[in-house]
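Reader: I've got a model open and would like to learn how to read it. Could you walk me through it, feature by feature?

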Amino acid sequence: MVADGILLKVKGLTKKFPGVVALDGVDIEARAGEIHGICGENGAGKSTLIKMLTGAHTPDSGTIEFDGVTYTSLDPRRAMGVGIGCIYQELNLIPHLTVAENIFLGREMYLAESLNILDRGQMNAKAAELLADLGLAVSPTARLGTLGVGHQQMIEICRAVWSNAKLIIMDEPTSSLSEKEAHDLFRVMAQMKARGVAILFISHRLDEVRDNCDTVTVMRDGRSIESFAMKERSVADIIQLMVGRSIQNKYPKEPAPQGDVILSVRNLNRKGVLRDISFDLRAGEVLGFAGLVGAGRTETARAITGADPYDSGSIEVSGKPVKIRQPLDSINAGIAFLTENRKEQGLILIQSVAFNATIVKMHKYGKAGWLSLGRIKETARKVCAEMRLKTSGMDMLVGKLSGGNQQKVVIAKWLLSNAKIFIFDEPTRGIDVGAKVEVYKLINQLVANGAGVIIICSEMEEVMGMADRILVMHEGEITGEMTQQDATQEKIMYAASGFKQAS
Amino acid sequence: MSNDVLTNNGKLPAEKAVGKSAAMTEKLYQLGVLLSLLLLCAVMTALSPRFLTMDNLMNVASQAAVSAIVSIGMFLAILTAGIDLSVGSVLALSAMMMGIASDRWGLGPYASILVCLGSGALLGLVNGLLLTKLRLPHPFISTLGMQKMARGIALFVTAAAPISMFPDEIQYLGNNSIGQVPVSFILVAILYVGMYFFLTRTSTGRYIYAVGGNKEAARLSGIKVNSILNLVYTISGLTAALAGLVLAGRVNAVYPLAGLDYETDAIAAVIIGGASFFGGVGSIANTIIGVLLIAVLRNGLNLLNVDSAFQTFAIGAVIVVAVAVDVLRQNVMKSGR
């Protein structure tokens, strides 16, 4: 152990992915016997940092000093070997095996190792000891699958303890726990701490961070912003550091004059998925769909755009009823659907920028059935230049572009389809901060030119920052509607949790 | 409102040339295949004085013709990330139907040819519908079933007997030459050039690439994916039948076991030609190089009196190597991202 009790010292850790700097000179120090909270928004670099520490990724530069030894990179085996354990959001256990078998998985005790004969008795006894130490009333011979999620997580901790982990990383450990289970977890964490184990605790629940952490490091945009003792600061300070700048700058919203209703959806139903979805969208309007994952927002978009069928309901575009049975029908009606998964559903990665940009109704770039390749390239070149797409040329494969530039190709494709209604599902997912602002500006330009835009966002800030009006969904129903001025995170959360608006 | 939505007249800023490596890999591969063909020709020339004679080359050309035509359909199927294992059987059944039309029903030569091509197209369409309507999990299954069913019918219709002695019109494509050039060779040239333009210069052709590259993205872009797939398998059946017509002309007979194992050579040719089993990648121009490579290999081994058992082994080995190279190329393309 190092003299001043510092167990982990991360210095200048940097990791770049094509088009995105995921980590940018991160410094963190964690002492033995402390719970160290790491806070930051989605995309701040927390999970990338964890992946460096567990050896899943290799840093581009920077060092990781652990237990007095300095590493420039770790691999999973070595990380485990030196005493870094990690408990992931998704449990990595095998439900059909017993508790003891899971604890010793990969590090079994043998009666005769050369003959591969396990010492079940000793393993069960040792497991019972570990469980008792952590105050868990669980039988070592119980099938893991019969335990609750909280207890399963404790078994993961037992695994880490058994492997003599000096540092345990916990990534959103309470996200799927009940209050009581979370309480048990914190008790066990306190015990680990008392034994001199360091814990990196990553959580979105800032009250948990406040109540359980000794030290906190706030990350933002891939950087470590500040580390401090928790008792000296408040939750409000953490939020301030996490957000870093005011929402106004992050979301360059420019309201556009609103025109007539261009999309009108009435009583859209799909059994078990959507119930009586009705709303209007005006030209010049950005309509936001908020709600939790699985609330039916993407499903609404897929029904309107013919990606999925719907059972009943009517859709009118610019006052004219349209029957949408397949994507082509909605495209012909002037609706563009920019899917959440660009790579899986939006783009053909092994094809060129020009091909992807002109794929919708490609036949219009030709005469008498023959395509003009020159016209295709020229059209693509023009629209890409307008959007400041960074590419070495129109022949470049789309799969080689960064997330932000890929999203621009998707937008280019739908611009060229002459759409009037743009439905963006998670428009900025997987895009770095600078490119996000460019996408927002493109949305501004769309509405300024009389298009109607629907954005489906899981980040509440984003929908509040960019939408003129917000619809909130819960379990396939619209449970709330509010203007940008009226919207607050509390109101949205309330509606997203299924409480219909009083007004 | 498309182009005037956004205002900027800037030139395209170049983002690093990361795209280059993949394009280079493709070009290098194509060059490699072409060089392999030339190298193989050079080796054969050195080993056998008979190889580089007009007679032999024209022989290779007419032997390659049947395989080349079958490979067109196979190429399209593989381009959509599918496969057509039924081409050999469809070839046989279509040719048998032509024999029956001409010999038993007494139809004229042109009507008989239409029966042949119609049978092939129909069988191909069934392959397509099995995939798109019945939603069988992969064309591997549906076309494997069709392979056995079509072969079974071909054997059944004449109780396994061949039919021979055709009118000149039916023999024309397979048996005649213009000067020293076999008509079948000219047919292949026309088909490949036509297919090249179809694939690169029509929206339907481009959509075949789109469907192969990403089915869901293609569907959401308004492409009628199922129609494209039906078309592809119909063309594959049609080209197999056309190959059957050429083969019938060349040997002046149709027989139920014609075209046995032809799918193997076609798959090998397409994969050697650089098409990817993952779909969406490949060029018909390279497919013909793959066809020629295999034809020269077979011809050379024949000239050198190599055991046919070894020929079979060699084709198998070539397929394995070509697919391994395909996987390698895909990894290179992914890692460059």
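Author: Let's begin with burial: a residue is called buried under 20% relative accessible area, exposed over 50%, and partly exposed in between, using a 1.4 Å probe and protein chains only. A:Cys384 counts as buried because its relative accessible area is 0%. Some ground rules: this is a predicted model, where local features need pLDDT of at least 70, side-chain atom pairs count only at pLDDT 80 or more, and totals for chains, interfaces and linings use all residues. Residues are numbered from 1 along each chain as its sequence is written, chains are lettered from A and ligands numbered from 1 in the order in which they are written, and side-chain values use heavy atoms, with hydrogens and water left out.

Reader: How is chain A divided into domains?

Author: The bounds come from an automatic or database domain assignment. In chain A, domain 1 covers 6–246, domain 2 takes 249–334 + 419–496, and domain 3 is 351–416. Between the C-alpha centres of domain 1 and domain 3 of chain A there are 45 Å.

Reader: Now the helices. Where is A:Gln153, and what does A:Gln153 contact?

Author: Helices are DSSP runs of H or I with at least four residues, strands are runs of E with at least two, and both are numbered from the N terminus. A:Gln153 sits in helix α5 (residues 149–162) of chain A. Contact means heavy atoms within 4.5 Å. Setting aside neighbours within four places in sequence, A:Gln153 contacts A:Ile87, A:Leu91, A:Pro173, A:Leu177 and A:Leu185. With 2% relative accessibility, A:Gln153 is buried.

Reader: And A:Thr48, is that residue buried or exposed?

Author: Buried, at 13% relative accessibility. A:Thr48 belongs to helix α1 (residues 46–53) of chain A. Beyond neighbours within four places in sequence, A:Thr48 is in contact with A:Lys15, A:Phe17, A:Ala22 and A:Leu23.

Reader: What about B:Thr204, how accessible is that one?

Author: B:Thr204 is partly exposed, with a relative accessible area of 30%. B:Thr204 lies in helix α8 (residues 203–213) of chain B. Not counting residues up to four places away in sequence, B:Thr204 touches B:Phe198, B:Ile228 and B:Leu231.

Reader: Last one: at what angle do α4 and α10 of chain B pack?

Author: Axes are lines fitted to C-alpha atoms, for helices over the stretch in contact, and angles run from 0 to 180 degrees between N-to-C directions. Helix α4 (residues 109–132) and helix α10 (residues 225–251) of chain B pack at about 145 degrees, with axes 7 Å apart. Among the contact residues are B:Gly120 and B:Gly124 of α4(B), plus B:Gly237 and B:Ala241 of α10(B). To sort such residues, Ala, Val, Leu, Ile, Met, Phe, Trp, Tyr, Cys and Pro count as nonpolar, Asp, Glu, Lys and Arg as charged, and the others, Gly among them, as polar. The contact of α4(B) with α10(B) splits into 13 nonpolar, nine polar and no charged residues.
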